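User: I'd like to learn how to read a few features of a protein model. Could you take me through them one at a time?

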Amino acid sequence: MGTETKDVLDEYGIPVIPDPADAASRKRRAIIDAALAEFLAEGYSAASMDAITQRSGVSKATIYKHFGSKERLFLAVIGGVLPQTYADLEPANSTIADAPDLRAALVRLTTDWARILLRRDIMSLRRLVIGEIDRFPQLGQLWYRVSYDMNNGPLIDAFTALHARGALDVPDPELAVQQLVAVTVGVPQLVHTFAPDAEVDDAELTRVISSGVDLFLARYATA
């Protein structure tokens, strides 16, 4: 339906679709919100363009005019959401190197990180991307890059600075960050990835995160 223009792709192969103005912008927002809800509920294959049309209140012809195809709609919507997932953590990461109590700062950061990742909308998005990774590998690449840039990267910089000051003995900061994530955030994330109805137990989350940070510091702390 409609004439599909030649794709302009970003570095991950996700279509770059310019923002329209005024009323067209409001329609596009309605389409994106409806498509996200449908894709999260049904996955890519089972998602229906008719259902997206009904959810959005926008005609199917208008949806195709804005996005061209179901595939482009999926990539544009999910690719647009992924960079927002870790935005709340970015400032906290940058203060780790100067924290007066490194253990408390790491516990607070990884707990905040886990709470974001365990939100039902984020977990649903994670399962969706994992489920479609063979069809849309660019989304997996984007998720990894967003996670690295907004979380791993700043922690690597912080651990490098702490190593230079002698506060940590971290000869390989990138490996150390991966290990910290694995023993803190990674534990509850793995559980909830495969148990979507499981409730987050605050006491258990605190226990797992604190224990993981202690394990990390037992290996890397200098005093």
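User: Which residues of H2 meet H3?

Analyst: This is a predicted model, and here contact means heavy atoms within 4.5 Å. On the H2 side you will find Met-49, Asp-50, Ile-52, Thr-53 and Ser-56, and they meet Lys-60, Ile-63 and Tyr-64 in H3.

User: At what angle do H2 and H3 pack?

Analyst: Helix H2 covers residues 49-56 and helix H3 covers residues 60-67; they pack at about 105 degrees, with their axes 9 Å apart. Angles of 65 to 115 degrees count as roughly perpendicular, so H2 is roughly perpendicular to H3.

User: Let's stay with H3. Is Thr-62 buried or exposed?

Analyst: The cut-off to keep in mind is that buried means under 20% relative accessible area. Thr-62, which is found in helix H3, has 16% relative accessibility and therefore counts as buried. The buried residues of H3 are Thr-62, Ile-63, Tyr-64, His-66 and Phe-67.

User: What does Thr-62 contact, leaving aside its neighbours within four places in sequence?

Analyst: With those neighbours set aside, Thr-62 is in contact with Lys-27 and Ile-31. And one backbone detail to look at while you are there: just after H3, Gly-68 takes a positive phi of about 85 degrees.

User: Now for aromatic rings. How is a pair of them described?

Analyst: A pair of aromatic rings is described by two things, the distance of the centres and the angle of the planes. Rings pair if their centres lie within 6.5 Å, and planes over 60 degrees apart count as edge-to-face. By this rule the count here comes to eight aromatic pairs. Take Tyr-44 and Phe-74: their ring centres are 5.1 Å apart and their planes are at 65 degrees, so this pair is edge-to-face.

User: Where in the chain do Tyr-44 and Phe-74 sit?

Analyst: Tyr-44 is in helix H1 (residues 22-46) and Phe-74 is in helix H4 (residues 70-81), so the pair, 30 residues apart, links distant parts of the chain. Both Tyr-44 and Phe-74 are buried. Together with Phe-39 and Phe-136, they form one aromatic cluster.

User: Which residue lies over the face of Tyr-44?

Analyst: That is Lys-70, at 4.7 Å from the ring centre of Tyr-44.

User: Can we try some residues that are partly exposed?

Analyst: Ala-198 has a relative accessible area of 28%, which makes it partly exposed. You will find Ala-198 in the loop between helix H10 (186-194) and helix H11 (202-220). Not counting residues up to four places away in sequence, Ala-198 touches Arg-120 and His-192. Arg-145, in helix H8 (residues 137-165), is also partly exposed, with a relative accessible area of 31%. The C-alpha atoms of Arg-145 and Tyr-12 are separated by 9.7 Å, although these residues are 133 residues apart along the chain.

User: To finish, how many helices and strands does the protein chain have?

Analyst: The protein chain comes to eleven helices and zero strands. Buried residues make up 46% of its 223 residues. Along its principal axes, the C-alpha trace spans about 65 × 35 × 30 Å. Among contacts between residues at least 6 apart in sequence, 71% join residues at least 24 apart.

Methods:
Residues are numbered from 1 along each chain as its sequence is written. This is a predicted model: local features need pLDDT of at least 70, side-chain atom pairs count only at pLDDT 80 or more; totals for chains, interfaces and linings use all residues. Side-chain values use heavy atoms; hydrogens and water are left out. Rings of Phe, Tyr and Trp (its six-membered ring) pair if their centres lie within 6.5 Å; planes under 30 degrees apart count as stacked, over 60 as edge-to-face and the rest as tilted. Helices (H or I, at least four residues) and strands (E, at least two) are DSSP runs, numbered from the N terminus. Buried means under 20% relative accessible area, exposed over 50%, partly exposed in between (1.4 Å probe, protein chains only). A charge sits over a ring if NZ of Lys or CZ of Arg is within 6 Å of the ring centre and within 35 degrees of the ring normal. Axes are lines fitted to C-alpha atoms, for helices over the stretch in contact, and angles run from 0 to 180 degrees between N-to-C directions. Angles under 35 degrees count as roughly parallel, over 145 as roughly antiparallel, 65 to 115 as roughly perpendicular and the rest as oblique.
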